[in-house]
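This report describes a structure in terms of confidence, fold, core, interface and backbone. The sequence and coordinates are shown first.

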Amino acid sequence: MNCRDCELLLMEAARAGGASGAQGATGPLQRSDLEAALDHAASCPACFERLAEERSLSAGLRLLAAAEASREPSPGCGATLLAAYRAERGSEVHTRRWVFAVSGALAASLIVLVGAALLLSHESSTLVRSFYSKISPLSARNRTASSASSGAAVPATAEEQASDADNAAPEQEEVTDFVAYYPGADLSSLDSGALVRVRVPASALESFGLQVAQGNEEEWVSADLLVAEDGSPQAIRFVRSVSQSSRN
Amino acid sequence: MNQDRTPEALLRLAAAGDEEAFRALYRQLSGFIYRFALHMSGNEGLAEEVTQETFLMLIRDPGRYEPGRATLKSFLYGVARNHTLRALEKESRFIPFAEPGVDEAGKLHAPEICDPSADANEDLLRREQIARVRRAVLALPPVYREAVVLCDLQELSYDEAAHSLACAPGTLRSRLHRGREMLAARLRATEHHKAGAAAAAVPLGGAICHPREEFS
């Protein structure tokens, strides 16, 4: 080992010789390295002097560390920090409460909105139905079964839906004009109403001024009854199913 | 019970709102942080300020400490180091060190280490030696001073100190070596200066007139 190799090791040897904390401060150095450096210093006057200086320095630093080991921050410093800690934790609790309150309010608003949307959707469907019946009583049945199955928003009674389900084959309906159910009734004064699909004997057509082919009197035909809000029938039209194939 | 807990465990409890854990954590670590800042700056006011700032950071943002990377102690040393360097850069008024035990008029008023068995002269010499080492440490450039303070005065391991200073252990070791060299050179120079002054002050009767004796 030469003087250059020895230099750092002498510092470590001087530091390790003192305070217990410095023992672990030598890091990866082996005890054998330190002993080799000390052996070298014993035979080299320059390194011996260097070691003495390092030891003296370490002793001086240890003295300083010991002199100030009891120095602590003032009690005021701790009190200030404790107050800051309490304030911070307090504001955190406050913030947490605020977040809970806002979340609750948002959840409540959401529930109200969803409820309102459901209510409106139900009412609008009723309104559409009555509106549709009002403005287009004559064309209500001019829809094909295929358009019904494609989800068009045309209101239909349960009977109509059942009928649609039964008539899975592509067919089209032909309808007559609405005829007043009671002779002389004014259909234009009707504000709203509902269509009800019914089945009536073909002979009933005659009572509404329609002709029935010979031999068909015993048959049953479909009809749409326009019923007012008070439940009284106002008008009727007759429906005939025409299969797609027969039309083609 | 909190006294037996590690600083890391205490921090977890304090972050969850346990005030007693925060008190215990402060009791365990505040002295180290305060003394580090005091050794670095030589100013008690600044050291207290740095201690406050360091713990305030811990109060406001305890999540900044990542347990897997280093001990809480060396993490806090790193935080304190940054505050100290910033304050030292900002205010040069902290460089002259007001020696403990000496008031502004330069009069001794309270011994730092009071050893009843030691005689007054011995005590005086020891205090003077401490003051010389302190001045020499404060005269080091900050990059070497922090290495000496952490490794030799605070007795951190190389790994802990390197983490606090955000450098490699090898870099820290060479900074420490260089710092100690500069420290030794400065102490040698003051020793020679003191010896020269003492020789000049030898009166005809042969008694050495110590520069500080006039205050005792």
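## Confidence in the prediction

The pLDDT is the predictor's confidence in each residue, on a scale from 0 to 100. The model shown here is predicted, and chain A averages a pLDDT of 73, with 70% of the residues scoring at least 70. Within chain A, the highest confidence belongs to helix α4 (residues 45-67) of chain A, at a mean of 91, whereas the lowest, a mean of 39, is found in helix α6 (residues 145-149) of chain A.

Two stretches of chain A call for particular care. Over residues 18-26 of chain A the pLDDT is below 50, and this stretch has 17 contacts in the model beyond near neighbours in sequence. Over residues 134-169 of chain A the pLDDT likewise stays under 50, and here the model has 51 contacts beyond four places in sequence. Where pLDDT is low, the predicted coordinates should not be read in detail.

## Fold of chain B

Chain B contains eight helices and zero strands, so that a reading along its sequence gives the pattern α-α-α-α-α-α-α-α. Of the 216 residues in chain B, 45% are buried, and among its contacts with a separation of 6 or more, 58% are between residues 24 or more positions apart.

In helix α1 (residues 7-15) of chain B, the buried residues include Pro7(B), Glu8(B), Ala9(B), Leu10(B), Leu11(B) and Ala14(B). Just after α1(B) comes Gly17(B), which takes a positive phi of about 105°.

## Nonpolar cores

The largest nonpolar core has 63 residues, and the members that touch the most others are Leu58(B), Leu72(B), Leu76(B) and Leu172(B). Helix α2 (residues 19-41) of chain B gives this core its largest share, twelve residues, and at least three residues come from each of domain 1 (1-111) and domain 2 (119-193) of chain B. Leaving out residues up to four places away in sequence, Leu76(B) touches Leu29(B), Ile33(B), Thr54(B), Phe55(B), Met57(B) and Leu58(B). Apart from this core lies another, of eleven residues, among them Leu205(A), Ala223(A), Leu225(A) and Val227(A).

Thr84(B) lies in helix α4 (residues 72-90) of chain B and is classed as buried because its relative accessible area is 0%, under the cut-off of 20%. Beyond its neighbours within four places in sequence, Thr84(B) is in contact with Phe36(B), Ala37(B), Met40(B), Leu46(B) and Val50(B).

## Interface between the chains

Contacts between the chains involve 40 residues of chain A and 48 residues of chain B. The area buried between chain A and chain B is about 4000 Å², of which carbon and sulfur atoms give 60%. Arg71(A), Leu81(A) and Tyr85(A) supply 17% of the area that chain A buries against chain B, more than any other three residues.

Most residues other than glycine have a negative phi.

Note on methods. Residues numbered from 1 in each chain as written. Chains lettered and ligands numbered in written order. Predicted model: local features only at pLDDT ≥ 70, side-chain atom pairs only at ≥ 80, totals over all residues. Heavy atoms only, no water. Helix = DSSP H or I, 4+ residues; strand = E, 2+ residues; numbered from the N terminus. Buried < 20%, exposed > 50% of the residue type's maximum accessible area, 1.4 Å probe, protein only. Contact = heavy atoms within 4.5 Å. Core = buried A, V, L, I, M, F, W, Y, C linked by side-chain atoms within 4.5 Å. Domains from an automatic or database assignment. Buried area = accessible area lost by both parts, 1.4 Å probe.
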